[in-house]
Amino acid sequence: MLPTEVFTCFPGQMWDRVLSKVKKAVVFMDDKCAESLHWNGGATSVFESGARNLKQFSSFEAGGENEPKAVFVVSTLLKGRTADIIQDIVGLSHFQYCVVFTTVAHSIHLLANNVTAVLEGNPVFEQFEDKLCEWMGDMNYTAEVMHAPVVFAPVSPQLFLAPTFAHLFPLLPRDLETINMKRPEKKRFGSLTDVDLHSLTPELQIEIKSLASAVNSMFESTSTREESFALGPMSRLIAGELANHPQAKNRRKTAPNKASIVFIDRTLDLTGAAGHHGDSLVEKILTVLQPLPGHTTDVQVDMLELTNLQRTPDSQPTLAPGCLVQTQSSTARLLWETMLASKQKEAVMEVRRQLVEAASKENLPIKMGLGRVTPEQLCSYVQLFKSNWGALESHCGVIQLGLATAQTLRHPTLPRWDSCLAFERLLLQALGDSDFAGVLRQLLPLMKPRAVKGEEGSNSEYSSGSRSGEEECGPDELLVLLVYLYSLAGEAQPADDEGEEEKVERELIGALTLVITREAELSPLLQKLTGCGSIEELTMERAHTAVEGVFDTLRELSHARDHLKQLKSVYTASDGVHQAMYRPFLRQVLEEIFHPDRPESPDIEHMSGGLTDMLKTGFSMFMKVSRPHPSDHALLFLFLVGGVTPSELRLIREVVSAHKPGTQVLVLSTRLLRPTDVPELLFTTQRLVPDIGV
């Protein structure tokens, strides 16, 4: 078996531990574990393993009178809110046998309970077993509590996401101020690169330790010895925690397989995350279609076209949506992988080809279409399956992906993507010719309330109502453009007048405040940003305060690479012949790793695995000792902390095949990013105090 295939099997093997316990049980699962399961066989695998029912992990759920067994699967510590919900469910039910799986290791439960001593067994889990028996009402009933790292979602053979950590995001200078406020003046940190794990909030420490523990479980399960490297302050903390993981030291002495893992902070390149430059069908699908409830990655595909229902306001809730995950059909799975890894034109052609092939297999009366693929053409192919239940069942995976493509290509908000792309290109050219105030001024004409208001004037990112003015950028897109621009601020010409930039910013703050207050309704992003559930609640003062906070954060973005010595720029100015260009940070990192001369990069930091490495470093002052290099092994993991875009997945594949085709690269990340995720992570996420369920 190839090393990558061993890793591809790992998430499913962890779920097998859970599935081995679900026979005749009611299964309660939180959203993050449910999203992981979604990419690992879905609810079908739970029922095929003998479960009686699958329910949301909520105090409002319970088992029936004739359901004596329960299995809980949670992504949090077994204390606080999580423990309360389990107690509520058990109290409302008639269970005699409870099994609890948590993705958080026992060692982290000890830390959360302030236990520093080394203890035998799993005392925290054993105590919780006693509590379960108490809640069930009989100490002779059976309770089991165990750790199962069901953290990873295999989105493709090359990409694993960790939905449990979807809101983990690298810290910003404003977070450093918060950390320093609680420290004596003489012990305050000068920069984020100085921050150590113990100075973080208990919640963030637990989150980082949990992530390192999940990665360690993967290496443990596959008998792999890894060398850890890091780019960025948050990555440094995670890689350091993995390098010093107590269970990892023995593994590294005996593990036969070897790999390198490079952790990279998303904040080192937000231009790539916020930009609409990627020629990716999947990026557009993720952006315009509504997300599945409780999920950060998958979307809802409208299946109404396969029914005889009329499109009315009441028809939508009666019909379960389709989705992108296709674990049952190998043909649909391969089509999804092609869509994820290819350019848009190739992906759309492949969707059409697969629909034609499926219809031909079923002898459906298909009319071959040549030339450009249109959404109408894809829909006409899909509708051939409408009244043929056998064909529909056989090819439902390909049909869902076909519908997702068609619905995206004809979506009324899609023209905004092209508008943003065109403006980003203009900003790139302007950066080399003007100071930052001059570039900012170019945004002012965009900062105006949208032309048409009325019943259909919904600003929701996911609105399906058609109206004029759809090409105009709404507040969500304006926030994305601001992130794109400010992440490049350091690349602009030096300013002649320092006060000019501040003046333009004040104008932008006033204009954006007005734009937000004139919206017909607040998008999910604006609701989080302003703390208002509806436009009626929003006052001019609240909107202004929220926008001022946005600009405070934006000003910090241009300094994210200040601590780097070599990889400081993601911009190439125009030279009169070539246009100004964005140079992806990830491309630069990979070219550095795969450089034929194997230079030691001053920016890619090797994280010490203990005393041996320290001794090696000391000896290298006196004699030639080669330090570990990320390209030492044929297997390389890239872990992007804070998210990866579909365009970057294709970029990674292209760079590897061009520079070192023999290397296998697996990408791990906290989430698959759409441009509008970036403002949410920057402006509305509690980075220092993640929700750990307590």
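Which helix is largely enclosed by the rest of the structure? The answer is helix 12 (residues 281-288), because 8 of its 8 residues are buried. Here buried means under 20% relative accessible area, exposed means over 50%, and partly exposed lies in between, with a 1.4 Å probe and protein chains only. Helices (H or I, at least four residues) and strands (E, at least two) are DSSP runs numbered from the N terminus.

This is a predicted model, in which local features need pLDDT of at least 70 and side-chain atom pairs count only at pLDDT 80 or more, while totals for chains, interfaces and linings use all residues. Residues are numbered from 1 along each chain as its sequence is written, and side-chain values use heavy atoms, with hydrogens and water left out.

The buried residues of helix 12 include Glu283, Lys284 and Thr287 as well as Leu281, Val282, Ile285, Leu286 and Val288. They pack against helix 13 (330-341), helix 14 (344-361), helix 17 (396-409), helix 18 (415-433) and helix 26 (646-659), where contact means heavy atoms within 4.5 Å.

The next topic is the nonpolar interior. A nonpolar core is a set of buried Ala, Val, Leu, Ile, Met, Phe, Trp, Tyr and Cys residues joined through side-chain atoms within 4.5 Å. The largest one has 136 residues, and Leu512 and Phe551 have the most contacts inside it. Helix 20 (residues 475-486) supplies the largest share of this core, 9 residues. Apart from residues up to four places away in sequence, Leu512 touches Met447, Leu478, Leu479, Leu482, Val547 and Phe551. A second, separate core of 60 residues includes Cys33, Val99, Ala162 and Val215.

Helix 20 also packs on helix 23 (residues 540-557): their axes come within 8 Å and cross at roughly 30°. That angle makes helix 20 roughly parallel to helix 23. Axes are lines fitted to C-alpha atoms, for helices over the stretch in contact, and angles run from 0 to 180 degrees between N-to-C directions. Angles under 35 degrees count as roughly parallel, over 145 as roughly antiparallel, 65 to 115 as roughly perpendicular and the rest as oblique. On the helix 20 side, Leu479, Leu482, Val483 and Tyr486 meet Val550, Phe551, Leu554, Arg555 and Leu557 of helix 23. The residues of this contact divide into 8 nonpolar, no polar and 1 charged; Ala, Val, Leu, Ile, Met, Phe, Trp, Tyr, Cys and Pro count as nonpolar, Asp, Glu, Lys and Arg as charged, and the others, Gly among them, as polar.

Met540 also belongs to helix 23. Met540 is partly exposed, with a relative accessible area of 46%. It touches Thr513, Leu514 and Thr517, not counting residues up to four places away in sequence. The C-alpha atoms of Met540 and Arg518 are separated by 9.8 Å, and the two residues are 22 residues apart along the chain.

Two sheets can be followed strand by strand. Two strands pair if DSSP finds at least two bridges between them. Strand 3 (residues 69-74) and strand 4 (residues 97-102) run parallel and are joined by 6 bridges, and Val71 has Val99 of strand 4 as its bridge partner.

Strand 13 (residues 635-641) pairs with strand 14 (residues 664-669) in the parallel sense over 6 bridges; Leu635 stands opposite Gln664 in strand 14.

Finally, two loop residues concern the backbone. Most residues other than glycine have a negative phi. Lys24, in the loop between helix 1 (3-19) and strand 1, has a positive phi near 60° and is exposed, with a relative accessible area of 54%. Asn114, in the loop between helix 5 (106-112) and helix 6 (123-136), also has a positive phi near 60° and is exposed, with a relative accessible area of 72%.
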